[in-house]
Amino acid sequence: MFIQVIQGKVSDADRLSRCMDRWTAELEPGAVGYLGTTYGLCEDGTFIALARFESEDAARRNSARPEQGAWWSETEQCFDGPVTFMDCPEVTQWMGGGSDEAGFVQIMEGHTTDARRMRELQALTDDRLHEARPDILGGTLATHGADGYVEAVYFRSEAEAREHEKMEIPDDLRPLLEEESRLMGEVTYFDLHEPMLVSARK
């Protein structure tokens with residue numbers, strides 16, 4: 001899997017919503033290798049989208065389509081200032097990956113000293129985390145550049161997520177999660193209170 005992360009400050013949210021709907025209706029059918037998108041608007045007006053493709057080549061072929069270029073020329077007018085793109089060629093899914101059933105998605109961005117170890121820790125905690133945190137439906141960890149990462153966690157609801165945050169971590173999980181937290185370093189959080197979850201039509 002390959003993930004492209006798009007984000008920027010929005011100046012016209014309604015128009016952006018229409019543009020996203022039009023992409024799904026008109027451009028998705030021709031996007032070979034497209035898997036789906038998680039996107040939404042944060043409280044501070046930041047739009048963030050995680051577009052999933054089967055491969056980096058599929059993503060680049062989509063970007064090269066004339067209709068994609070025309071669509072983006074209109075869509076970028078919905079933003080106030082520059083829009084950033086992050087290409088993440090290494091993607092790990094944990095607890096089954098993302099879920100279109102999520103009512104709340106939290107996206108974390110940062111830099112790590114050891115992405116490989118982060119993936120190992122996720123594999124080690126997968127089953128126990130599912131038991132301890134039934135509010136979590138799954139997640140993805142995508143890396144870019146030398147040390148950048150973008151992690152998305154899919155929750156049943158925000159209320160359940162906030163409630164489980166207060167719970168005591170089981171003793172066998174605590175050292176693993178603490179190590180993962182250290183590896184994540186300084187984290188920037190993006191909360192999607194009303195996430196839009198789109199999977200490619202079969």
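**Pockets and aromatic contacts in the predicted model**

The largest share of the lining of the second largest pocket, 5 residues, is supplied by α3. The structure is a predicted model, in which local features need pLDDT of at least 70, side-chain atom pairs count only at pLDDT 80 or more, and totals for chains, interfaces and linings use all residues. Residues are numbered from 1 along each chain as its sequence is written, and side-chain values use heavy atoms, with hydrogens and water left out.

The second largest pocket holds about 410 Å³ of space. Its lining comprises 22 residues, of which Gln4, Ile6, Ala51, Gln68 and Trp71 are the closest to the centre. A pocket is an open set of points on a 1 Å grid over the protein atoms alone where a 1.4 Å probe fits, with protein on both sides within 12 Å along at least five of seven lines; lining residues have an atom within 4 Å of a point.

Trp71 also belongs to one aromatic cluster with Tyr39, Phe47, Trp72, Phe79 and Phe85. Rings of Phe, Tyr and Trp (its six-membered ring) pair if their centres lie within 6.5 Å; planes under 30 degrees apart count as stacked, over 60 as edge-to-face and the rest as tilted. By this rule there are 8 aromatic pairs. The pair of Tyr39 and Phe47 is tilted, because the ring centres are 6.0 Å apart and the planes stand at 50 degrees. With buried meaning under 20% relative accessible area (1.4 Å probe, protein chains only), Tyr39 is buried at 7% relative accessibility, and Phe47 is buried at 5%.

Conventions
Buried means under 20% relative accessible area, exposed over 50%, partly exposed in between (1.4 Å probe, protein chains only). Grid points are joined across faces, edges and corners, and a volume is the space filled by probe spheres set on the points. Helices (H or I, at least four residues) and strands (E, at least two) are DSSP runs, numbered from the N terminus.
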